[in-house]
Amino acid sequence: MTDDGVPRVGTAVHDAGSGRVGLVMGHEGPCLQLRPLAGGREWEADPADLRPLDPAELLSARVAEANARSRTGLGARDIRGSPFRM
């Protein structure tokens, strides 16, 4: 967090306005740009609606995304950066 309470770029946050979790990518005017943890389309959020994730929440969010990928047919070999990728 910065001195004015705004999350820094790269911080994983919960956006109460949308109910989504994302990474802070930057800011434009009064809004921050967030991106889903696994990548995807950015969205704008009001900094007042954001709170940083604690380590347990971040782990839970990452596990939920991994589970979602497994249901769509992407195995560990299909994930960029995976140690199982050949």
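In which strand is V21 found? V21 belongs to strand β2, which spans residues 20-28. The legends below describe a predicted model, in which local features need pLDDT of at least 70, side-chain atom pairs count only at pLDDT 80 or more, and totals for chains, interfaces and linings use all residues. Residues are numbered from 1 along each chain as its sequence is written, and side-chain values use heavy atoms, with hydrogens and water left out.

**Figure 1. Overview of the chain.** The chain contains 1 helix and 5 strands, where helices (H or I, at least four residues) and strands (E, at least two) are DSSP runs numbered from the N terminus. Along the sequence these elements follow the pattern β-β-β-β-β-α. Of the 86 residues, 24% count as buried; buried means under 20% relative accessible area, exposed over 50%, and partly exposed in between, with a 1.4 Å probe and protein chains only.

**Figure 2. The open sheet.** The 5 strands form an open sheet in the order β4-β3-β2-β1-β5, with antiparallel pairing. The edge strands, β4 and β5 (50-52), each pair on one side only. Neighbouring strands of this sheet are turned by 50° against each other on average, direction ignored; the axes are lines fitted to C-alpha atoms, and angles run from 0 to 180 degrees between N-to-C directions. Two strands pair if DSSP finds at least two bridges between them.

**Figure 3. Strand partners within the sheet.** Strand β1 (residues 12-15) is joined to β2 by 4 bridges, and D15 has R20 in β2 as its bridge partner. β2 and β3 pair in the antiparallel sense over 5 bridges, with H27 opposite L32 in β3. These two strands, β2 and β3, form a hairpin with 2 residues between them, and G29 in the turn has a positive phi of about 65°. A further 3 bridges join β3 to β4, where Q33 stands opposite E44.

**Figure 4. Surroundings of V21.** V21 is partly exposed, with a relative accessible area of 25%. Beyond residues up to four places away in sequence, V21 touches V13, H14, P36, L37, W43, L53 and A61; a contact means heavy atoms within 4.5 Å. V21 and P52 are 31 residues apart in sequence and 9.5 Å apart in space, C-alpha to C-alpha.

**Figure 5. The largest nonpolar core.** This core has 7 residues in all: V13, V24, L32, L34, W43, A45 and L50. β3 (31-35) and β4 (43-45) each supply at least two residues of this core. A nonpolar core is a set of buried Ala, Val, Leu, Ile, Met, Phe, Trp, Tyr and Cys residues joined through side-chain atoms within 4.5 Å. Not counting residues up to four places away in sequence, the contacts of V13 include V24, L34 and L50.

**Figure 6. E65 and A38.** E65 lies in helix α1 (residues 55-71). A polar atom of the E65 side chain lies 3.0 Å from the backbone nitrogen of A38. Leaving aside residues up to four places away in sequence, E65 touches P36, L37 and A38.

Conventions: Polar contact = N/O pair within 3.5 Å; in protein donor to acceptor, adjacent residues only side chain to side chain.
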